[in-house]
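Here is a short report on one protein chain.

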Amino acid sequence: MKNFLKKLKPHLGFLVIILVCGLAVSTPFFSRKLIQGSDFYFNQARIKSTASALADGQIVPQLDSNAFGGFGHSWNLFYGPLPTYFGGFLRLLTGDWNLAINLMSIILIVSSGFSMYWASVTISKNKRIAIISALLYMLASPIIVTVFRTNNQSRMFVTAFMPLIFGGMWRIFNRQKGGI
């Protein structure tokens, strides 16, 4: 733990800047109201159906037998359930679906900045370039459109963690520590 904190210390100021900017961008989510974008209803139903399927005892939730008045629906058949697990976990912590979905959106916006900062530091070895790329990525129009127009948590998951893949590939190809 001391080693991790020692490595984190030179980046702490930049990470605070990312956190503050991410929270500033997330201000529409600081209410109980939900941004009901084009994908909102489908993704909210997926999160609720995953919770229902897990309550039914399914290990990998594929079918919500309670949906549509008991006829059932396979919400996660063609979609990965990881974002729905995260939303369901936040629902358990908060006790409220609206708060859980808004909190998930805030966490994913801030995470997109953190992950891009890590990838940029890994590739460029320059903290100033990394903070600029992290802020530009977090405030980029595809992310803002995904967050505020569609409110698609699955797509937000991808955009939040995609830089980790590129940073990891860079480490692997350059045989750096942390790669394979």
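## The largest pocket

Sorted by class, the residues lining the largest pocket are seven nonpolar, four polar and four charged. Here Ala, Val, Leu, Ile, Met, Phe, Trp, Tyr, Cys and Pro count as nonpolar, Asp, Glu, Lys and Arg as charged, and the others, Gly among them, as polar. The lining has 15 residues, with K7, H11, W118, V121 and R171 nearest the pocket centre. Two elements, α1 (2-8) and α6 (97-124), each give two or more residues to this lining. Helix α6 gives the most, with five residues.

The volume of the largest pocket is about 530 Å³. Rolling a probe the size of a water molecule over the atoms shows where empty space is left. On a 1 Å grid over the protein atoms alone, a pocket is an open set of points where a 1.4 Å probe fits, with protein on both sides within 12 Å along at least five of seven lines; lining residues have an atom within 4 Å of a point. Points are joined across faces, edges and corners, and the volume is the space filled by probe spheres set on them.

## Basis of the model

This is a predicted model: local features need pLDDT of at least 70 and side-chain atom pairs pLDDT 80 or more, while totals for chains, interfaces and linings use all residues. Residues are numbered from 1 along each chain as its sequence is written, and side-chain values use heavy atoms, without hydrogens and water.

## Overall build

The protein chain has nine helices and zero strands. Both are DSSP runs, numbered from the N terminus: helices are H or I with at least four residues, strands E with at least two. The C-alpha trace spans about 55 × 35 × 30 Å along its principal axes.

Of the 180 residues, 42% are buried. Buried means under 20% relative accessible area, exposed over 50%, and partly exposed in between (1.4 Å probe, protein chains only).

## A nonpolar surface patch

V158, M162, I165, F166, M169, I172 and F173 form a nonpolar patch on the surface. Together they have about 660 Å² of accessible area. Patch residues have over 30% relative accessible area and no salt bridge, and nonpolar side chains are joined within 5 Å. V158 sits in helix α9 (residues 153-173). It is partly exposed because its relative accessibility is 46%.

G22 belongs to helix α2 (residues 12-25). It is buried, because its relative accessibility is 0%. G22 and I106 are 84 residues apart in sequence, yet 7.6 Å apart in space, C-alpha to C-alpha.

I35 lies in the loop between α2 and α3 (40-55). With 18% relative accessibility, I35 counts as buried. I35 and T150 are 115 residues apart in sequence and 8.3 Å apart in space, C-alpha to C-alpha.

Most residues other than glycine have a negative phi. K125 is not a glycine, but has a positive phi of about 60 degrees. K125 is in the loop between α6 and α7 (127-138). At 57% relative accessibility, K125 counts as exposed.

Definitions and conventions:
Patch = residues over 30% accessible without salt bridge, like charges linked within 9 Å, V, L, I, M, F, W, Y side chains within 5 Å. Areas by Shrake-Rupley, 256 points an atom, 1.4 Å probe, with all protein chains shown as cover. Salt bridge = Lys/Arg side-chain N within 4 Å of Asp/Glu carboxyl O.
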